[in-house]
Amino acid sequence: MTFIEYFLVAAFLFFAGSMLGWCTEVVFRRLFTAKKWINPGFLTGPYLPLYGFGLVGLFGISQIPINTGSIVWDKIIIILIMGVVMTLIEYIAGLIFIKGMKIKLWDYSNRRGNIQGIICPLFSFFWLLVSIFFELVVTPYVMETVVWFVNHIAFAFVVGIFFGVFFVDLGHAINVTSKIRAFAKKHNIVVPVEKLKLSIKEKLEKLEKLEKRGKNSLL
């Protein structure tokens, strides 16, 4: 693969991973944690950079030349590396936000075997499943995707718009998180973003109910 092909793959995978990751997190929170429709992460739009970087990382690992003499063992080693790297990415990202930004984007403190509430065996297992799917199902079609991507300029334009909106959103998010960081640092706390968003959502729902009652009483 040429440099431009690697770049196109990375751009496409970051786009796809960020969007699919956001959808997955929204559904997961609705069904298992918050029990409400809530926007995960620290950005406003429907994307999570962690998954985008993760998918790009998986592709990079899939290109590592491993030759044990057995195709099966080659696949197993690659998949295990992928699983470990994905867990490591999750841990580093969580640590950066907690230590640097005083923000906790997720919390596994109530799950067994967790480390600092950032990673846990259950989600490391999920990352391993993602790695298996990527290596066995996605990787064989990466080059076909690149060729399709290059030959469909309209879709390339969509990806370009995505990155334009993404960077604007990122700038806004950095401004907001810097204010949250200043507040958290002043009070020596770490702000759990999901609980904060859930609290705001519940208060807005209560206000909407009060407004409806007020309108009904006037009628």
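A search of the whole structure finds zero disulfides, a disulfide being a pair of cysteine sulfur atoms within 2.5 Å. Two cysteines can be described by their accessibility. Cys 120 counts as buried at 3% relative accessibility, whereas Cys 23 counts as partly exposed at 40%. Here buried means under 20% relative accessible area, exposed means over 50%, and partly exposed lies in between, with a 1.4 Å probe and protein chains only.

The model is predicted, so local features need pLDDT of at least 70 and side-chain atom pairs count only at pLDDT 80 or more, while totals for chains, interfaces and linings use all residues. Residues are numbered from 1 along each chain as its sequence is written, and side-chain values use heavy atoms, with hydrogens and water left out.

The chain as a whole comes next. Its secondary structure comes to seven helices and two strands. Helices (H or I, at least four residues) and strands (E, at least two) are DSSP runs, numbered from the N terminus. Along the sequence the elements follow the pattern α-α-α-β-α-α-α-β-α. Taken along the principal axes, the C-alpha atoms fill a box of roughly 75 × 45 × 35 Å. The chain has 219 residues, and buried residues make up 32% of them. Among contacts between residues at least 6 apart in sequence, 70% join residues at least 24 apart; contact means heavy atoms within 4.5 Å.

One pair of helices can be followed in detail. Two packed helices are described by the angle between their axes and the distance between the axes. Helix α1 covers residues 3–31 and helix α6 covers residues 153–187; their axes come within 10 Å and cross at roughly 65 degrees. Such axes are lines fitted to C-alpha atoms, for helices over the stretch in contact, and angles run from 0 to 180 degrees between N-to-C directions. The crossing of α1 and α6 is left-handed, a term used if the near helix is turned anticlockwise from the far one by less than a right angle, with right-handed used if clockwise. On the α1 side, Ala 11, Phe 12, Phe 14, Phe 15, Ser 18 and Met 19 take part, and they meet Phe 155, Val 159, Phe 162, Phe 163 and Phe 166 in α6. By class, this contact of α1 with α6 has ten nonpolar residues, one polar residue and no charged residues. In this scheme Ala, Val, Leu, Ile, Met, Phe, Trp, Tyr, Cys and Pro count as nonpolar, Asp, Glu, Lys and Arg as charged, and the others, Gly among them, as polar.

Helix α1 also holds Arg 29. Arg 29 counts as buried, because its relative accessibility is 7%. Not counting residues up to four places away in sequence, Arg 29 touches Ala 34, Lys 35, Lys 36, Ile 38, Pro 40, Leu 105 and Glu 194.

In helix α2 (residues 49–62) the reader finds Ser 62. Ser 62 is buried, with a relative accessible area of 14%. The side chain of Ser 62 reaches the backbone oxygen of Phe 59 at 2.5 Å. Leaving aside neighbours within four places in sequence, Ser 62 is in contact with Ile 78, Met 82, Phe 134, Glu 135 and Thr 139.

Glu 135 is also in contact with Lys 75, as is Leu 136, again leaving aside neighbours within four places in sequence. Lys 75 has its place in helix α3 and counts as partly exposed at 31% relative accessibility. The C-alpha atoms of Lys 75 and Asn 175 are separated by 43 Å, and these residues are 100 apart along the chain. Leu 136 belongs to helix α4 (residues 121–138) and is partly exposed, with a relative accessible area of 48%. Between the C-alpha atoms of Leu 136 and Ser 178, 42 residues apart along the chain, the separation is 41 Å.

Two loop residues remain. Lys 102 lies in the loop between α3 (71–101) and β1 (103–104). Although Lys 102 is not a glycine, it has a positive phi of about 60 degrees. Lys 102 counts as partly exposed at 25% relative accessibility. Gln 116 is found in the loop between β1 and α4. Gln 116 is not a glycine, yet has a positive phi of about 60 degrees. At 44% relative accessibility, Gln 116 counts as partly exposed.

Definitions and conventions:
Polar contact = N/O pair within 3.5 Å; in protein donor to acceptor, adjacent residues only side chain to side chain.
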